[in-house]
Amino acid sequence: MRAKTEKLNFSPGPLRDFMQQITSLGESLEGCEMSNFCELAYKELKSAKIRCDGVKLDELIGLLDVKDLNIPLEFNDRGMIPVRLYSSKNFVIRIHIWRDGDASVHSHPFMGAAQVLKGKSVEQVYYFDKKVGGYDNIIVEGTRSNGPIITHEEGSVFKLPFGDAHIHSLTHLKEPTITLMVVTDFVFREFSNFYP
């Protein structure tokens, strides 16, 4: 599937300009080396300088393709609406419209990069020294320590390394906060939570 700009006819204006930026970003990453996707996505997203000035929140939510995402048009249990804007064989570009921060300590089953389009977030990074054992090498215990606290302002671009290389929690200071995600579209393993 290509970007929705090819499926929908947008009237001239901020939403069409935004979707053209998304299409250009997606096309710049087509066929890239997936083993280094986090670095490549970060570099392309940083140089693209994506803006959504003048785009209304209801226009972004209106892009939600319920059939593709298989979710209702409401905030999910993590306080977020994901909206897929561009799909490729190995990656997707989507926005996350956040109502709340995701204060759970977690890692992700994907890699890539993100940019804050609107709002402001504070990220707490964690390190986890795990001990593996038991059936199917399940993590049975470990020690968590605090890493840096990072503020992501509007326009900030940051890497999203895969899995345990990036354990974190987020608090969104403005509502809504809108994050643009450029991430792999295949799952290496399930989303992980780390409990106290």
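Predicted model: local features only at pLDDT ≥ 70, side-chain atom pairs only at ≥ 80, totals over all residues.
1. Let's start with the overall layout. The protein has four helices and 10 strands.

2. Next, how the chain packs. Of the 196 residues in the protein, 45% are buried. If you take contacts between residues at least 6 apart in sequence, 73% of them join residues at least 24 apart. The accessible surface is about 10400 Å², and carbon and sulfur atoms account for 50% of that.

3. Now a closer look at helix α1, which runs over residues 14-29. With 16 residues at 1.5 Å each, α1 should span 22 Å, and its end C-alpha atoms lie 23 Å apart, which agrees. After α1 comes G31, which has a positive phi, near 75°.

4. Which residues of α1 are buried? They are L15, F18, M19, I22, T23, L25, G26 and L29. Viewed down the axis of α1, these buried residues fall within an arc of 165°, so they line one face of the helix. As background, an α-helix has 3.6 residues a turn, so residues three or four places apart point the same way.

Definitions and conventions: Residues numbered from 1 in each chain as written. Heavy atoms only, no water. Helix = DSSP H or I, 4+ residues; strand = E, 2+ residues; numbered from the N terminus. Buried < 20%, exposed > 50% of the residue type's maximum accessible area, 1.4 Å probe, protein only. Contact = heavy atoms within 4.5 Å. Areas by Shrake-Rupley, 256 points an atom, 1.4 Å probe, with all protein chains shown as cover. Expected span 1.5 Å × (residues − 1). Arc of directions from axis to C-beta.
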